[in-house]
Amino acid sequence: MPEEQKNKNILSIDIGGTSIKACILDPKGELLSEFKKLPTPKDSNPEQVIKSIRELVATLDLPFEKISIGFPGYVKCGVVQTAPNLAKNKWTNVDLAQQISDAFGKPVRLINDADQQALGIVSGKGFEIVFTVGTGFGTALVFDGDLLPHLELAHLPITKTKDYDDYLGNKAFEKHGKKEWNERLKRVIEIYKTVFNYDTLYIGGGNSKEINFPLDHNIKLVSNKDGIKGGAKLWDMEEKFHVFTTHPKK
């Protein structure tokens with residue numbers, strides 16, 4: 001591979017409640033390295049998460065020039081505001097993009113994990129929504145390929161005591177079982193059809209494989225690997241809404 005091509009490589013990181021994943025992509029989103037992962041640290045505070053990222057990157061053994069990060073919470077201009085499925089009370093106003101940019105000496109784009117996955121999955125035509133059903137419930141909204149401002153729709157209430165995250169997250173799956181979880185997912189899909197009138201809905205995440213009912217023609221199941229290209233697509237986006245570049249401090 002020519003040196004100038006190498007220098008355009010992107011380190012793509014996906015931080016999840018269960019595992020942290022990383023790989024090296026070329027600018028078109030093709031996988032150049034293995035897709036490596038480590039369990040998310042039990043004490044998943046910023047220091048431990050950054051330590052795990054360093055460990056993963058050390059195993060990839062390929063040069064990269066930019067870093068894309070998908071994070072399971074609300075991110076504004078590279079600063080984490082919430083992380084409901086990581087360490088409690090440790091993720092308010094954390095300048096994670098700056099810390100990682102400084103650690104590796106590379107520019108960083110940090111966005112919500114469902115948003116990053118969505119960029120790798122959607123067709124770019126019409127109003128498209130991505131669900132992730134894993135540790136929690138994530139959503140991303142895309143219109144004609146443009147990432148719309150991230151909304152923490154998972155934290156809208158769906159019952160008197162539960163939000164979507166409680167209702168469809170992995171804890172609910174384990175507590176109530178597959179049959180009840182599928183009924184809940186059906187209900188949520190019906191709500192989204194009525195409220196958003198989307199052109200296409202994509203469903204990914206670890207529990208998407210547990211879906212046992214027929215899906216509408218405009219609902220597609222996707223895997224985590226389908227979303228890998230999102231780490232490269234993120235660097236094709238213009239800076240607006242939550243797409244923001246953080247540079248290392250000199």
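Two cavities of 30 Å³ or more were counted in this predicted model. A cavity is a set of points, on a 1 Å grid over the protein atoms alone, where a 1.4 Å probe fits but cannot get out. Volume is the space filled by probe spheres set on the points, with grid points joined across faces, edges and corners. Local features need pLDDT of at least 70 and side-chain atom pairs 80 or more, while totals for chains, interfaces and linings use all residues. Residues are numbered from 1 along each chain, and side-chain values use heavy atoms, without hydrogens and water.

The largest cavity holds about 120 Å³. Its lining (residues with an atom within 4 Å of a point) has 14 residues. Ser12, Asp14, Gln116, Gln117 and Ile228 lie nearest the centre. β1 (10-15), β2 (19-25) and α4 (113-121) each give two or more residues to this lining. Helices (H or I, at least four residues) and strands (E, at least two) are DSSP runs, numbered from the N terminus. Five lining residues are nonpolar, six polar and three charged. Here Ala, Val, Leu, Ile, Met, Phe, Trp, Tyr, Cys and Pro count as nonpolar, Asp, Glu, Lys and Arg as charged, and the others, Gly among them, as polar.

The second largest cavity has a volume of about 40 Å³. Asp146, Leu147, Met237, Glu238, Lys240, Phe241 and Val243 form its lining. Four of these residues are nonpolar and three charged, with no polar ones.

Notes:
1 Å grid on protein atoms, 1.4 Å probe; cavity = no way out; pocket = protein on both sides within 12 Å on 5 of 7 lines; lining within 4 Å.
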